[in-house]
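Here is a friendly walk through one protein model, with its loops, cores and helix packing taken in turn. Have the viewer open and follow along.

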Amino acid sequence: MPGRSPQGAERTTAALSGPENRSAPEETPRRAPDPTGTAPAPAEAPAPGQAGTEPGTEPGQAPGTGPRTEPGQAPGTGPRTEPGQAPGTGPRTGRATPIRRATRRVRRTAAVLAVLATGAVILAALNSGTRHGHLDPRSADPSGSRAVAELLKDRGVTTRVVTTVREAAAATGPRTTLLVTDPDRLGATQRSVIRSAIDLSGGRTVLLAPGDHSLSELSPGVRTAGDAPDDVLAPRCDLPAATSAGRAATGGNLRYTTALPGAEAETGTGPGATACYPSGGRPTLLVLPTGTTGGDTVLLGSETILLNESLAEEGNASLALQLLGSRPDLVWYMPSLADSDPSADSGDANRSLFELVPAGWSWALLQLFVAAVLAALWRARRLGPLVTEKLPVAIRASETTEGRARLYRKAGARDRASTVLRAATRERLAALVGVPPAQAHDPAALVPAVSGRLTGGPRDVTALLFGTTPSDDAALVALADHLDALEREVRTS
């Protein structure tokens, strides 16, 4: 056509040919650079609405050819997919899919919970170094005895904590007070060592709530006289420590009596013994002299006066300081498991799990639980109406069929594949031979109608449409061919 350039003629030819007749979109050849070494200026893009152009086409691309294909890509296959991307799903976009967003939310929540758990464990580990057990002079818990140790320190008394009987016996002396926090826990060998220390040290030994299990060796001739019903008692003795302290919480646990020669039955005192804070005529505080000059043994029926939570009540602090601070050194003996008598640990079997967990860990677990609840409320899904989202791409039916067939092949599901092929063939044949859709899968209704439309030799239509599962992949392919041939014959009959 006169007045039309060769490039315009090529665009017109490409537009008229149609996408099904083109092998590949043609691009306008680039001009070589001129002798000066500079490339010619690119042609200006046609203005909107100009003939021979379409929106979305690139410079030098024929209109109507669709997106430009890359080298090595078959024409008409659409944009190239990236590795790991399903075919036909379209190009990757910056918009995250719902699955990716949900995965990111789960990862963020897991990271927050991991940080909270790590912080709780670190906090509990740090606090566990400052928290100790019952009657421990290093413990600031209500059931600890740190307040007594601090008051004794202000008075110049040095407190040393030991956990073995050898350390306790080696530390005793005339200037030492030995406190045994749980005498009934000691084994026979440990009780013997403590008894030797009592007789030879010349210092003071304080036995805290000893029972008959330990009194037989540690303080012969003394036995328990039941529990004291009252908690706070009056001294009613001439012991200087008791008279200056006044009323104190020495009751509520054990009271004692002695069977020493010449003992008074009413007061429970023997020769040289001093009984204080009686309850029902039996003392809850008993001071006995030892064989060594200047030494004595104090039997204290209750541990209440040593606890942090009750030290400030009544005369507890005064009595505790005078009983434990009479010597410049205090050895606080807390028997360990190695020194324990196995028969004395039967009471721990009845303790619950929460009673065995240290206080520091219980607070850490509570903080972790509260943090988990707050995180769950923060990240919980808000309830509301469902929001529909359009699919980013339209998947072709052929690709769906191919993908499902590959899944069947990978799983070796020949039974499922043959069932799907036969069911689809029966439905199409029923429509061709006039059988109602409700009876398409009934052999009595479908087989005679199909057999009547066949013109060839006799064939087993029942086995073909309602037979067994093929034994291998070759038999499955043969079944598909036979079903296709049967359907084609019925259509053309």
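Leu135 sits in the loop between helix H2 (98–128) and H3. Helices (H or I, at least four residues) and strands (E, at least two) are DSSP runs, numbered from the N terminus. This is a predicted model, in which local features need pLDDT of at least 70 and side-chain atom pairs count only at pLDDT 80 or more, while totals for chains, interfaces and linings use all residues. Residues are numbered from 1 along each chain as its sequence is written, and side-chain values use heavy atoms, leaving out hydrogens and water.

Most residues other than glycine have a negative phi. Leu135 is not a glycine, yet its phi is positive, about 60°. Arg236, also a residue other than glycine, has a positive phi near 55°; Arg236 belongs to the loop between strand E4 (222–227) and H7. Are these and two further residues buried or exposed? The table answers, with buried meaning under 20% relative accessible area, exposed over 50% and partly exposed in between (1.4 Å probe, protein chains only).

| Residue | Relative accessible area | Class |
|---|---|---|
| Leu135 | 3% | buried |
| Arg236 | 69% | exposed |
| Val157 | 7% | buried |
| Glu489 | 18% | buried |

Val157 lies in the loop between H3 and strand E1 (158–162). Leaving aside neighbours within four places in sequence, Val157 is in contact (heavy atoms within 4.5 Å) with Leu152, Leu324, Gly325, Arg327, Pro328, Asp329 and Leu330. Val157 and Leu324 are 167 residues apart in sequence, and their C-alpha atoms are 8.9 Å apart in space.

Glu489 has its place in helix H15 (residues 473–492). With neighbours within four places again set aside, Glu489 contacts Leu454, Thr455, Gly456 and Arg459.

**The nonpolar cores**

A nonpolar core is a set of buried Ala, Val, Leu, Ile, Met, Phe, Trp, Tyr and Cys residues joined through side-chain atoms within 4.5 Å. Which residues touch the most other members of the largest core? Among its 32 residues, they are Leu239, Tyr277, Leu285, Leu306, Leu319 and Leu324. The elements giving two or more residues to this core include helix H3 (146–154), helix H7 (240–245), strand E7 (282–289) and helix H8 (316–324). H8 gives the most, with five residues. Not counting residues up to four places away in sequence, Leu319 touches Ala241, Ala242, Ala245, Ala248, Thr250, Tyr277, Leu285 and Ile305. Apart from this core lies another, of 22 residues, among them Val165, Ile198, Val222 and Leu288.

**How H12 meets H13**

Two packed helices are described by the angle between their axes and the distance between the axes. For helix H12 (residues 414–433) and helix H13 (residues 443–451), the axes come within 10 Å and cross at roughly 60°. H12 is therefore oblique to H13. Arg426, Leu429, Ala430 and Val433 of H12 make the contact with Leu446, Ala449 and Val450 of H13. These residues divide into six nonpolar, no polar and one charged.

**The protein as a whole**

The protein has 15 helices and nine strands. Buried residues account for 32% of its 493 residues. Among contacts between residues at least 6 apart in sequence, 67% join residues at least 24 apart.

Methods
Axes are lines fitted to C-alpha atoms, for helices over the stretch in contact, and angles run from 0 to 180 degrees between N-to-C directions. Angles under 35 degrees count as roughly parallel, over 145 as roughly antiparallel, 65 to 115 as roughly perpendicular and the rest as oblique. Ala, Val, Leu, Ile, Met, Phe, Trp, Tyr, Cys and Pro count as nonpolar, Asp, Glu, Lys and Arg as charged, and the others, Gly among them, as polar.
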